[in-house]
Amino acid sequence: MDAAQQEATARAQELQRNWYGEPLGTLFRRLIDDLGLNQARLAGVLGLSAPMLSQLMSGQRAKIGNPAVVQRVQLLQDLAGQVADGSVSAAEATERMDEIKKSQGGSVLNNTTQSTSSSGAPTVKRVVREIQSLLRSVAAAGDIIEAAGTLAPTHPELAEFLRVYGAGRTSDAVAHYQSHQN
């Protein structure tokens, strides 16, 4: 890969960080690992061709153009969280992936699929992802960080919230939430 290609890939991955919170290669590899998929199966569930998935993962393409695919990514992230917390079995996850594959998507903000713990309450991870989705639907991560910097002198708690939930990683935001529950 020459310097120009490396620069283009780095730009695409930075755009992905702004739009999706992290590079899509990182996000997709985590879904593959968490759900026991391969790239071809992930592409099929998302409704992407295998080459398109590969281009998104490698940073050759920056954006997922289809909102239904973006929503399927969110649904798979939720499902991976449910598998991780034990509320969904591997067999049930396979069935749900088939349902996700068939979903037509819709508004990212009007996603009615809820992930819940065994008690019926939304999981912390789900709530954090909803907050992140809402914040990222109105501003890019860089803009959220800039707003946090502006607010820091007068509203440090709000600035911290924006940095952690608006521009941070989901795992960091969950840890932040849990640390403040004590």
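Because the model is predicted, local features need pLDDT of at least 70 and side-chain atom pairs count only at pLDDT 80 or more, while totals for chains, interfaces and linings use all residues. Residues are numbered from 1 along each chain as its sequence is written, and side-chain values use heavy atoms, with hydrogens and water left out.

**Exercise 1. Overall make-up**

Find how many helices and strands the protein has, and what share of its residues count as buried.

*Solution.* Start with the elements, which are DSSP runs numbered from the N terminus: helices are H or I with at least four residues, strands are E with at least two. The protein has 10 helices and 0 strands, so read from the N terminus the order is α-α-α-α-α-α-α-α-α-α.

Next comes burial, where buried means under 20% relative accessible area, exposed over 50% and partly exposed in between (1.4 Å probe, protein chains only). Of the 182 residues, 38% count as buried.

Finish with contacts, meaning heavy atoms within 4.5 Å. Among contacts with a separation of 6 or more, 63% join residues 24 or more positions apart.

**Exercise 2. The largest pocket**

Work out which residues lie closest to the centre of the largest pocket, and which element gives the most to its lining.

*Solution.* First, the terms. On a 1 Å grid over the protein atoms alone, a cavity is a set of points where a 1.4 Å probe fits but cannot get out; a pocket is an open set with protein on both sides within 12 Å along at least five of seven lines, and lining residues have an atom within 4 Å of a point. Grid points are joined across faces, edges and corners, and a volume is the space filled by probe spheres set on the points.

The largest pocket has a volume of about 730 Å³. Of its 31 lining residues, Trp-19, Tyr-20, Gln-74, Gln-77 and Arg-136 are the closest to the centre. Two or more lining residues come from each of α1 (3-20), α2 (24-35), α5 (67-84), α7 (124-138) and α10 (170-179). Helix α7 gives the most, with 8 residues.

Now sort the lining by type: Ala, Val, Leu, Ile, Met, Phe, Trp, Tyr, Cys and Pro count as nonpolar, Asp, Glu, Lys and Arg as charged, and the others, Gly among them, as polar.

**Exercise 3. An aromatic pair**

Classify the pair formed by the rings of Trp-19 and Tyr-20.

*Solution.* Rings of Phe, Tyr and Trp (its six-membered ring) pair if their centres lie within 6.5 Å; planes under 30 degrees apart count as stacked, over 60 as edge-to-face and the rest as tilted. The structure holds 2 aromatic pairs. In one of them, the centres of the Trp-19 and Tyr-20 rings are 6.4 Å apart and the planes stand at 80°, so this pair is edge-to-face.

Then check accessibility. Trp-19 is partly exposed at 36%, whereas Tyr-20 is buried at 17%.

**Exercise 4. The largest cavity**

List the residues that line the largest cavity and find the element that gives the most to that lining.

*Solution.* The structure holds 1 cavity of 30 Å³ or more, and the largest cavity has about 40 Å³ of space. Its lining is made up of Arg-30, Leu-31, Asp-34, Gln-77, Ala-80, Lys-125 and Arg-129. By type, the lining has 2 nonpolar, 1 polar and 4 charged residues.
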